[in-house]
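Me: I'd like to learn how to read a few features of a model. Can we go through them one at a time?

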Amino acid sequence: MQATLTFLGSGTSMAVPTLGCGCAVCTDAHRPGSLNRRTRPSILLAYNNRHVLIDTGQDFHHQAVREGIQHLDAVLYTHGHADHVLGMDDLRPLTFGHHGELPLYADDATADVIERVFEYTFRKVDRYPTSARVKLHRIPSEAGTAIDLFGARFIRVPVTHGRDTIAGYRFGSAAYLTDMSDIPEVSIPLLQNLDILILDALRLTPHPSHSHLEKSVAIVEQLRPQRAFFTHMGHDLDHATTNATLPRHIQLAYDGLQLQFEIA
Ligand SMILES: [Zn+2]
Ligand SMILES: [Zn+2]
Ligand SMILES: [Zn+2]
């Protein structure tokens, strides 16, 4: 089954342009149509007439307007940082027309954050009447945990993100590993025979909780996917000049980039 993957956002938590920064990449990012303009990280998967979203950052509303998102069928979360969960409330209008409650999938640590931040949505008594009609499903954090959605299987791929271990996901021939500093041994077998590998490449120099460009290139060479795309990028990486230094099968993603692949 064919699927279309859309990068809703390819930027780091501070986005590009980064507030208060006048560097060349941030300056270029103010230009309409600039491939350096990077909103908070998220991807949308369309297949089987369904739409599955991974993460809802602060830019979700803007991204949904830009891509013409009219309907969602499920949301998977990677972890509870602001750039991945804070747009949850913007799901509201998309849940009102939904058949039943929109399912959200998150591990315990992430679900705890979502329930705390959006307490008025999940309280049992005196719930805010027009809050999002969502149902939060808590999923085990073990490597290989599978969630079957509309004919595709989403497999949890644990990744190291600084002091935390968070969720990456594999779905068919593609994998999405945002926010990762290392890939634990247990996850390596889950990342074989990939068509598309999407992974974190924050900047040029090492960082405690994110992979940097050189390290991400080395991970791609180890896992040998057909194609690799970097995401969660800050303002170190100019789109055109960085791409020119990379092998042809490795490219920087950009907001709005669409990829076709086999999801099942
Ligand atoms: Zn992040
Ligand atoms: Zn900058
Ligand atoms: Zn994070």
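Me: Let's start with accessibility: is Phe154 buried or exposed?

Reply: Buried means under 20% relative accessible area, exposed means over 50%, and partly exposed is in between (1.4 Å probe, protein chains only). Phe154 has 0% relative accessibility, so it counts as buried. Tyr47, at 2%, counts as buried too. A word on the ground rules: this is a predicted model, where local features need pLDDT of at least 70, side-chain atom pairs count only at pLDDT 80 or more, and totals for chains, interfaces and linings use all residues. Residues are numbered from 1 along each chain as its sequence is written, chains are lettered from A and ligands numbered from 1 in the order in which they are written, and side-chain values use heavy atoms, with hydrogens and water left out.

Me: What kind of aromatic pair do Tyr47 and Phe154 form?

Reply: Rings of Phe, Tyr and Trp (its six-membered ring) pair if their centres lie within 6.5 Å; planes under 30 degrees apart are stacked, over 60 edge-to-face, and the rest tilted. The count here comes to five aromatic pairs. Tyr47 and Phe154 are tilted, at 6.5 Å centre to centre and 40° between the planes. Tyr47 sits in strand 2 (residues 42-47) and Phe154 in strand 8 (residues 152-161), so the pair ties together parts 107 residues apart in sequence. Strands here are DSSP runs (E, at least two residues), as are helices (H or I, at least four), numbered from the N terminus.

Me: On to metals: which residues coordinate the zinc ion (ligand 2)?

Reply: Donors are N, O and S atoms within 2.8 Å of the metal (3.2 Å for Na, K and Ca); water is not among the atoms, so sites may look incomplete. For ligand 2 they come from Cys21 (SG), Cys23 (SG), Cys26 (SG) and His235 (ND1), at 2.0 to 2.3 Å. Four donors are tetrahedral if all angles lie between 85 and 135 degrees; four count as square planar and six as octahedral if opposite donors are over 155 degrees apart and all others between 65 and 115; anything else is irregular. The angles at ligand 2 are 102 to 117°, which makes the arrangement tetrahedral.

Me: And why is the zinc ion (ligand 1) irregular?

Reply: Its four donor atoms subtend angles of 93 to 163°, which makes the arrangement irregular. They belong to Asp83 (OD), His84 (NE2), Asp179 (OD) and His232 (NE2). Asp179 also bridges ligand 1 and the zinc ion (ligand 3), which lie 3.5 Å apart.
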